[in-house]
Amino acid sequence: MRIPLVAGNWKLNNTSTQAYKLVVEMIPVLRTIRDVEILVCPPFTALMAVSRLTRDTNIRLGAQNMYWEASGAFTGEISPIMIAEFCQYVILGHSERRAYFGETDNAVNRKVHAALAAGLRPVVCVGETLEENETGRASGVVSRQVREALLGVDLLDIDKLVIAYEPVWAIGTGKAAAPDGVNTLLADIVRGTLRGMFTEAGAQAVRILYGGSVNPENAASFFRQPEIDGALVGGASLKAASFVALVEAAQR
Ligand code: PEP
């Protein structure tokens with residue numbers, strides 16, 4: 001049984017004061033939730049403030065990125081052990097990092113290894129662009145991204161991994177992918193690739209999320225799909241009411 005995970009990716013939004021207020025608003029309802037894992041991923045500068053609030057709750061904390069080195073002359077970077085002071089999870093390979101910051105499959109793979117070594121659970125993002133989708137290359141791209149991100153990962157670590165399938169054309173556009181089509185792609189391509197790398201039991205242990213314009217209106221149609229183990233949510237995670245509604249939809 002994979003426990004559903006609903007994760008909010010706040011991106012470049014919220015100062016630590018704003019982040020604190022947002023989590024204070026969410027806590028009364030979120031603390032009543034059972035059987036859903038709840039994750040918020042604020043910007044680095046808000047991690048400490050939010051961690052004070054979430055420490056004794058059922059809300060998990062994640063970062064949105066990290067570097068793979070533990071320390072040294074890497075100006076502006078944040079290391080796995082720095083993140084592990086506050087967080088249980090880290091988002092890696094988000095399409096915005098791939099598109100705007102030149103993050104490659106190899107860089108994502110190095111980060112996955114470093115995160116696991118620091119005791120963090122990586123949420124590895126994969127997904128095809130509109131052009132790749134329209135030219136029939138979605139399956140090939142997603143399969144390659146999964147394979148290359150997870151190269152060399154030990155089977156013993158497999159249950160710590162989360163994959164987020166986020167078609168780039170669905171992120172922040174209001175045009176979510178069709179839930180049944182996502183389910184088929186997750187079964188055939190994402191879990192299929194995992195099966196080839198980590199055995200059937202390994203593949204079944206990995207939670208796979210959908211991300212891309214998930215909102216309180218469409219969430220249930222995704223959560224009903226057998227291969228979709230939750231959601232990675234951008235825009236709708238920035239308001240307490242909508243994030244709470246998504247978590248409640250996953251609980252049902
Ligand atoms: C995301 O950026 O991970 C995302 C899914 O964004 P949105 O929910 O806004 O489409």
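**Strands, a helix and the ligand**

Guide: This is a predicted model. Strand β7 (residues 207-211) is mostly covered, with five of its five residues buried.

Visitor: Which residues of β7 lie on one side, and which on the other?

Guide: Arg207, Leu209 and Gly211 are on one side, while Ile208 and Tyr210 are on the other; both faces are covered and all of these residues are buried.

Visitor: And which strands does β7 pair with?

Guide: Strand β6 (residues 162-165) runs parallel to β7 and is joined to it by four bridges. Within that pairing, Arg207 in β7 stands opposite Val162. Strand β8 (residues 230-233) also pairs with β7 in the parallel sense, over two bridges. There, Gly211 has Leu232 in β8 as its bridge partner.

Visitor: Which helix goes with β6 and β7 in a β-α-β unit, and is that unit right-handed or left-handed?

Guide: The helix is α8 (residues 179-205), and the β-α-β unit that it makes with β6 and β7 is right-handed.

Visitor: Let us turn to β3. Why is it described as largely enclosed?

Guide: Strand β3 (residues 59-63) has four of its five residues buried, so the rest of the structure largely encloses it. The chain reaches β3 from β2 by way of helix α2 (residues 47-54), in a right-handed β-α-β crossover.

Visitor: How many bridges link β2 and β3?

Guide: Three bridges link strand β2 (residues 37-41) to β3, in the parallel sense. Leu39 has Arg60 in β3 as its bridge partner. β3 pairs with β4 as well, again in parallel, over two bridges; here Gly62 is partnered by Tyr89 in β4.

Visitor: Now the helix α5. How far does it reach, and how does that compare with the expected span?

Guide: Helix α5 (residues 105-117) has 13 residues and spans 19 Å from its first C-alpha to its last, close to the 18 Å expected at 1.5 Å a residue. Gly119 follows α5 and has a positive phi, near 85°.

Visitor: Which of its residues are buried, and what covers them?

Guide: The buried residues of α5 are Asp105, Ala107, Val108, Asn109, Lys111, Val112, Ala114, Ala115 and Leu116. Their cover includes α3 (80-84), β4 (89-92), α4 (95-100), β5 (121-126) and α7 (138-150).

Visitor: What about Glu103: buried or exposed?

Guide: Glu103 sits in the loop between α4 and α5. Its relative accessibility is 9%, so Glu103 counts as buried, the cut-off being under 20%.

Visitor: What does Glu103 touch?

Guide: Leaving aside residues up to four places away in sequence, Glu103 touches Asn65, Gly93, Arg97, Arg98, Val108 and Lys111. With Arg97 there is a polar contact between the two side chains, at 3.1 Å. A polar atom of the Glu103 side chain also lies 3.4 Å from the backbone nitrogen of Gly93.

Visitor: Finally, the ligand. Which residues come nearest?

Guide: Of the 15 residues around the ligand, Lys11, Glu166, Gly172, Ser213 and Gly234 come nearest.

Conventions
Residues numbered from 1 in each chain as written. Predicted model: local features only at pLDDT ≥ 70, side-chain atom pairs only at ≥ 80, totals over all residues. Heavy atoms only, no water. Expected span 1.5 Å × (residues − 1). Buried < 20%, exposed > 50% of the residue type's maximum accessible area, 1.4 Å probe, protein only. Contact = heavy atoms within 4.5 Å. Pairing = 2+ DSSP bridges. Right-handed = clockwise from strand over helix to strand, strands pointing away. Polar contact = N/O pair within 3.5 Å; in protein donor to acceptor, adjacent residues only side chain to side chain. Near = heavy atom within 4 Å.
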